[in-house]
Amino acid sequence: MNYKELTVRFCGIAGDGIVSSSRIISGACADAGLHVMVNDIYSAEIRGLGKSTSTIRFSGSKVYSMGDGINALVGLAQQESIDEIEDIREGGSVIYDSSSPADIPETESLASHIPPEVNGYGIPLKTLANQASGSNRGRNIVSMGALCHLYGLPKTIFINQIEKIFKRKGDKVVESNLTAFELGYEYCQNQYPLNNLFVMDKKAKPLQIISGNEAVAHGAMDCGLKFFAGYPITPATKIMEITAKELPKLNGWTIQVEDEIAAIGAVLGASFTGTRAMTATAGPGLSLMSELINLSVMAEISAVIVNVQRGGPATGLPTKVEQGDLNISLYGGAGDSPRVVMAPTCSKDCYTSIQAAFDLAEKYQTPVIFLSDLFLGQRLETDDIKRNINYKKSTRIKPTRQQLKNYQRYALTEDGVSPLIVPGEDGAFYSITGLAHNTAGNPNFESEVHLTMTQKRFRKFKSMVKDLPPVEIIGDADADIGIACWGSTYGAIFEGMQIARHNGVKTKMIKSIMIYPQDEESFKTFFASCKKIIVFEMNFQGQYAALLKSTYNIKPVEVHIPSVDPVSPAKIAAKIMEVNHELTQ
Amino acid sequence: MNSLNKRAVLEGLERAKIKNKSKWRDILPTWCPGCGHFTALNGLYEAALDLKIPEKNFVVVSGIGCSGRFPFFIKGFGFHALHGRALPIATGIKIANPELTVIVVGGDGDGVGIGGGHFPHAVRNNLDITYILLDNSIYGLTKGQVSPTSPVGMISGTTPYGNIARPINPTTLALAYGATFVARVFSRERQDVSDLIKQALQHKGFSLIHDLSPCVEFNRLITYKSWNQVVGKFPEDYKADNRTLALQYAESKEPVYLGLFLKENIPTFNDHVKQIFKKIDSTEKS
């Protein structure tokens, strides 16, 4: 049988090498020019025997989501892997260790749970690993050899990758891993002679593999980030770890502070001096930051706040994804407190949009909340990101000599943006405050002044529309069904649209990185062209739908996907078919 | 500002004997006549003048409370932040631009109440900033409630049956957290306040000025008079170089010592950063 796409899952416990297995496979595939997406799932507790899985989907063409189901399960831990069997597609396979049946009762073994429509391949993983390296380590590499044979994958890409990854550990380690791979391959070849072939484009160029968190960190540093303050929190910590290492090389600095309040505080302080500054957190941290984000609005201090969403409320689900922080991002502040809210959909977006976030923050002297999420932040994905080094599309507007004579920090202007100098610069000085203030920046509680200054702050958001990353209309322009979604669910919904199209139902989608403000005219035109609108999002309330309904006066079909592991394109397609059925009734 | 307010303010300035007006902003202080904060303001004026700190590099960060308005009364850049959040903001400012002279001003509620969680970390980073903690043992701006430094038994709006919680001693805290310059002053001693603020600004590292700065409006218990009865000077041979000894003196109730408790010279946060930059530069070149 010929394959063009495969999804493989490794399941095991700590020490089984789950993550390293998926890194080898994903690296091998990306180097061979295949498109890859990797999703790791692990429990929130760090304990020795915690179960973890890593799923790798790879294909000759671009993958936008984790898809539905898996082709092969590699069960490195027997009992833990039993639950994963239900995800295996018909005709799929399970690779299990046949060398140690005595460890567990027959009824609890992985092999005894394999249903008839799934192929079980017993391989003495432990025995072969010991043969290769003298220890149990390397069972994952043996299973990789088996996998390589079972699906007719080119051996060389694995061999190259094993050499590449283990090189720094010395020749001996490379050698034993190569042997483990070879033993797995040979055993399988002898025991299970098959005629499968993974069809590859030999001319494909190697692809870069990157997570959303990495893309955010590098995008920010490439556009002039010089200061990062943060507090460790799953799933955002990786961003701080990257900037901590890389910023000093760029004469910038990362500080781990005592809490998220201090993190946003330090960011505002740095930004006050004219430095591009950022923090990254998750829901609980964003909650703590609310008050100082409000100060950022009131005192008009540029700031970029990345929120890698996890399940909530409170401590919630630290290792699960949810799109539940839209409301707090949009409305989480006392008073009338406008702020920019953006949501990237993929790694490439993370890179380019974080730069757009700085463009908006710097030019319009506003906080920008950048809503990534756990799935997007942690998943690995191949993408062709063009590095945009030293990118600075916008800067803060400086006052003219004339304006400096009687400098007004909050001078009223047509677009709402006041020319700005910062400490250390000549010409004038001023104080900023979270109190209501006049154009000079001095406290003032007159209602007329308050109204004028509130209008000024909101005016910036009208002026901003010309500078927003444009919306994209995706799919069939003549479709009756229009879809809106936001953030990382985009990929699965896009694939769901494709499945629906195969089944004869056309759809179109409005893709917008901008949540607030939006290019309202484009949205209005799009919605006016739809007979039926579906809004998909991964939260219970329908937070984005609520925003769209109140802004555009639409009555969409709302699909609230519960916090789950990656969204299923098949279920999205089923919903589209259902709506189409109602429409054609 | 109406004429009544202006008169009260001018009276306050007069009583504080602020003579040198060259560091004044056009905004007049909002404090009550006799407020201890005027002395600290005067001290900062004098220190800024003596040390010739350019206004463009002078940054005062404050929190909320009567002390919060400080930045508006002084020539330079000011950041009137949120309640308790001045120290993290100052941290960002100083790391981002080490050339700036950064002064944080806050009250007892701001510094050891709502912002108490930031205090140890600002200290242990040893950034080169000066923190003037104006301690009046009362929430003045909300018209008289107990603060974290109020004595046990104090009757206030929120403790009508007497304060139960024991007071915090900010001098002790700073010493325990490892501050490299710790001084306690009393707003009645104008010259000492000015001198120690100047020394604090000259110190390389985190400096605390714990200023006993009575509230003349809402605190009937902790007053100029009550402090005057207990304050005392260090023995002549006190050297301010021993943290354990400094802690003992800090905890003394009678007398309540005034002056420099400790001064220690170690590299500042930005010194370390500079070193790391240098190291990276040399490895990149090699």
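Trainee: Which residues of α9(A) meet which residues of α10(A)?

Mentor: In this predicted model, A:E260, A:I261, A:I264, A:G265 and A:L268 of α9(A) are in contact with A:G285, A:L288, A:M289, A:L292, A:I293, A:L295 and A:S296 of α10(A). By class, that contact of α9(A) with α10(A) holds eight nonpolar, three polar and one charged residues.

Trainee: At what angle do helix α9 (residues 260-272) and helix α10 (residues 283-298) of chain A pack, and why is α9(A) called roughly parallel to α10(A)?

Mentor: The two helices pack at an angle of about 30°, and their axes lie 8 Å apart. Angles under 35 degrees count as roughly parallel, and therefore α9(A) is roughly parallel to α10(A). The crossing in which α9(A) passes α10(A) is right-handed.

Trainee: Which element gives the largest share of the side of chain A that touches chain B?

Mentor: Of chain A, 37 residues are in contact with 34 residues of chain B, and the largest share of the chain A side, nine residues, comes from α9(A). The residues on that side divide into 21 nonpolar, 10 polar and six charged.

Trainee: How do you know that β17(A) pairs with strand β2 (residues 77-80) of chain B?

Mentor: Pairing requires at least two bridges, and three bridges join β17(A) to β2(B), the strands running parallel; therefore the two count as paired. Within β2(B), B:G78 stands opposite A:S431.

Note on methods:
Residues numbered from 1 in each chain as written. Chains lettered and ligands numbered in written order. Predicted model: local features only at pLDDT ≥ 70, side-chain atom pairs only at ≥ 80, totals over all residues. Axes fitted to C-alpha atoms, helices over the stretch in contact; angles between N-to-C directions. Helix = DSSP H or I, 4+ residues; strand = E, 2+ residues; numbered from the N terminus. Parallel < 35°, antiparallel > 145°, perpendicular 65-115°, else oblique. Left-handed = near helix turned anticlockwise from the far one by under 90°. Contact = placed C-beta atoms within 7 Å. Nonpolar A, V, L, I, M, F, W, Y, C, P; charged D, E, K, R; others polar.
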